[in-house]
Amino acid sequence: MKCVIREWKTGDKADLAKILNNQNIQNNLRDGLPYPYTEDDAEEYIKSMLCADKSKTFAFAITAEDEDKVIGSISILRCENIHSKTAEIGYYISEPYWGKGYATNAVRQACRYEFENSDIIRIFAVTFSQNIGSCRVLEKAGFQYEGTLHSSAIKNGKILDMKIYAIIKANAS
């Protein structure tokens, strides 16, 4: 399925709050997001992304191609120091849109945008190893599996392995 990545709008706050009030989505994200997630939380996030340093933070709303309703979020954050040409990608899609190709399409678009509009040469993602859907998204988007970080995270009181994937500018499709 096709989607569009676009700059956030403050009017997206209701859609964003609805997405992040799903525990199934929060279970696959890093800690730190409030739960329940309010429209005020969403508005604060959106405003921070609109004001972020565009050379370090690339953040987009994901919408279905045929509607302007937000169905997810994707961001690419530049690393620092010796890793300044490397960036980390993170994303999530509203549960009703899982398994339909939206996330893969959004990851491809965001990476293409980043490689064409910055000096980034490597984009990586770290996902919980049991999040098979996210691993497949990355593989279908052209990312290569680089390894497993054993017992490297604690989520919901459980010690978890993480998988790291990366794509290099020359290999991006």
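In this predicted model, the side chain of Asn 105 makes a polar contact with the side chain of Gln 109, at 2.4 Å. Asn 105 sits in helix α4. Is Asn 105 buried or exposed? Its relative accessible area is 19%, and because buried means under 20%, Asn 105 counts as buried.

Now compare a residue from another part of the chain. Tyr 145 is found in strand β6. With a relative accessibility of 44%, Tyr 145 is partly exposed, since that class lies between the 20% and 50% limits. The side chain of Tyr 145 also takes part in a polar contact, here with the side chain of Thr 148. The table sets the two polar contacts side by side.

| Side chain | Partner side chain | Polar contact |
|---|---|---|
| Asn 105 | Gln 109 | 2.4 Å |
| Tyr 145 | Thr 148 | 2.4 Å |

Which residues does Tyr 145 touch if we leave aside its neighbours within four places in sequence? They are Lys 163, Ile 164 and Tyr 165. Tyr 37 makes a handy landmark for finding your way: it is 108 residues from Tyr 145 in sequence, and their C-alpha atoms are 32 Å apart in space.

Next, let us look at the sheet. Strands of a sheet pair through backbone hydrogen bonds, either parallel or antiparallel. This model has an open sheet of 7 strands with mixed pairing, and if you walk across it the order is β1-β2-β3-β4-β5-β7-β6. At the edges are β1 (3-6) and β6 (144-155), each of which pairs on one side only. On average, neighbouring strands of this sheet are turned by 25° against each other, direction ignored.

The partner of β6 is strand β7 (residues 158-168); the two run antiparallel and are joined by 8 bridges. Within this pair, Gln 144 stands opposite Ala 166 in β7. Helix α5 (residues 132-140) packs on the sheet, where it touches β4 (86-93), β5 (122-128) and β7. The direction of α5 makes about 160° with that of β5.

Finally, try to find the largest pocket, which holds about 1,100 Å³ of space. It is lined by 42 residues, and the closest to its centre are Asn 28, Leu 29, Gly 90, Tyr 91 and Tyr 92. Which helices and strands each supply at least two residues of the lining? They are α3 (39-51), β3 (70-78), β4, α4 (102-117), β5 and α5.

Conventions: Residues numbered from 1 in each chain as written. Predicted model: local features only at pLDDT ≥ 70, side-chain atom pairs only at ≥ 80, totals over all residues. Heavy atoms only, no water. Pairing = 2+ DSSP bridges. Helix = DSSP H or I, 4+ residues; strand = E, 2+ residues; numbered from the N terminus. Axes fitted to C-alpha atoms, helices over the stretch in contact; angles between N-to-C directions. Contact = heavy atoms within 4.5 Å. Buried < 20%, exposed > 50% of the residue type's maximum accessible area, 1.4 Å probe, protein only. Polar contact = N/O pair within 3.5 Å; in protein donor to acceptor, adjacent residues only side chain to side chain. 1 Å grid on protein atoms, 1.4 Å probe; cavity = no way out; pocket = protein on both sides within 12 Å on 5 of 7 lines; lining within 4 Å. Points joined across faces, edges and corners; volume = space filled by probe spheres on them.
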